[in-house]
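Subject: Structure handover

Hello,

Here is the structure for your files. My notes on it follow below.

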Amino acid sequence: MTFGFAPSSATSMPASSMRAERSADSIDRPTRLLEPAEWAAAGIPLLRNPREVVSGLHARHRPNPRTAVVAVLDPEERLRASASFTRRENGTDGWTFRNALLSQLRRVIPHDLRRRTPVRTAVLLYCREGDIHWTEEDGAWMWGLRDACTLHGLRCGAYITMTRDGWQVLGEGRGGRRPGIGSVAEALGGNEQSAPRTGGAATEMLRRAAAR
């Protein structure tokens, strides 16, 4: 008696086609992300005044869609450093996002790896199109933020999305309509009347502050 197996489509497919298919899958299928339940269970510290943090970062960086702003706060929630960059890759992978965030953190502030417990906290503001609800892209940013904080000796803080409808601290349910993408930035001290509305020296000072 003879036994045999019909050749599957995978075994009959040329090696080059199989590699191309796996490559396409890796681009289309998100990897290394955190679901909302996983993020909620991670014990992320709450911001005492999220609107103040968001308004300050918005005023410093004037972010557009696909812009990520990573900021480091001290225990009193004062801003110690921040940096912004535009997402250029198309794939959604927490590993890629982690590397991008870690590169920015290393550029603007020394690590705290010598401390037994983290003292400073990193938060991430990401501007995108769409609504405020969680997406797989958000999950990849969450994974990247958590891993970058571990490698830089920081506490993983809030993940905040900003759309044209406003901002939202994911996992907390706190948010607001202002600021949002395209809205006029408030002054860094919260005094809206003193906010610069034209270019020149004031705008240049804000840009330099973004690298601190």
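How many helices and strands does the secondary structure of the chain come to? The chain has seven helices and six strands, where helices (H or I, at least four residues) and strands (E, at least two) are DSSP runs numbered from the N terminus. From the N terminus on, the order is α-α-α-α-β-β-α-β-α-β-β-β-α.

Two notes on conventions. This is a predicted model, so local features need pLDDT of at least 70 and side-chain atom pairs count only at pLDDT 80 or more, while totals for chains, interfaces and linings use all residues. Residues are numbered from 1 along each chain as its sequence is written, and side-chain values use heavy atoms, with hydrogens and water left out.

Overall figures

Of the 212 residues in the chain, 42% are buried (under 20% relative accessible area; exposed is over 50%, partly exposed in between; 1.4 Å probe, protein chains only). Take the contacts (heavy atoms within 4.5 Å) in the chain with a separation of 6 or more: residues 24 or more positions apart account for 67% of them.

Aromatic rings

The count is three aromatic pairs. The rule: rings of Phe, Tyr and Trp (its six-membered ring) pair if their centres lie within 6.5 Å; planes under 30 degrees apart are stacked, over 60 edge-to-face, the rest tilted. One of the pairs is Phe85 and Trp141, with centres 6.2 Å apart and planes at 55°, so this pair is tilted. Phe85 lies in strand β2 (residues 79-86) and Trp141 in helix α6 (residues 136-152), so the pair links parts of the chain 56 residues apart. Phe85 is buried at 14% relative accessibility. Trp141 is buried at 0%.

Tyr126 and Trp141 also pair: centres 4.9 Å apart, planes at 40°, hence tilted. Tyr126 is in strand β3 (residues 121-127), 15 residues from Trp141 in helix α6. Tyr126 is buried too, with a relative accessible area of 0%. Phe85, Phe97, Tyr126 and Trp141 form one aromatic cluster.

A charge over a ring

The charged end of Arg98 sits over the ring of Trp95, 4.4 Å from its centre. The test is NZ of Lys or CZ of Arg within 6 Å of the ring centre and within 35 degrees of the ring normal.

Cysteines

There are zero disulfides (pairs of cysteine sulfur atoms within 2.5 Å). For the sulfur of Cys149, the closest cysteine sulfur is in Cys156, 4.6 Å away and too far for a bond. Cys149 is buried at 1% relative accessible area. Cys127 is buried at 0%.

Best regards
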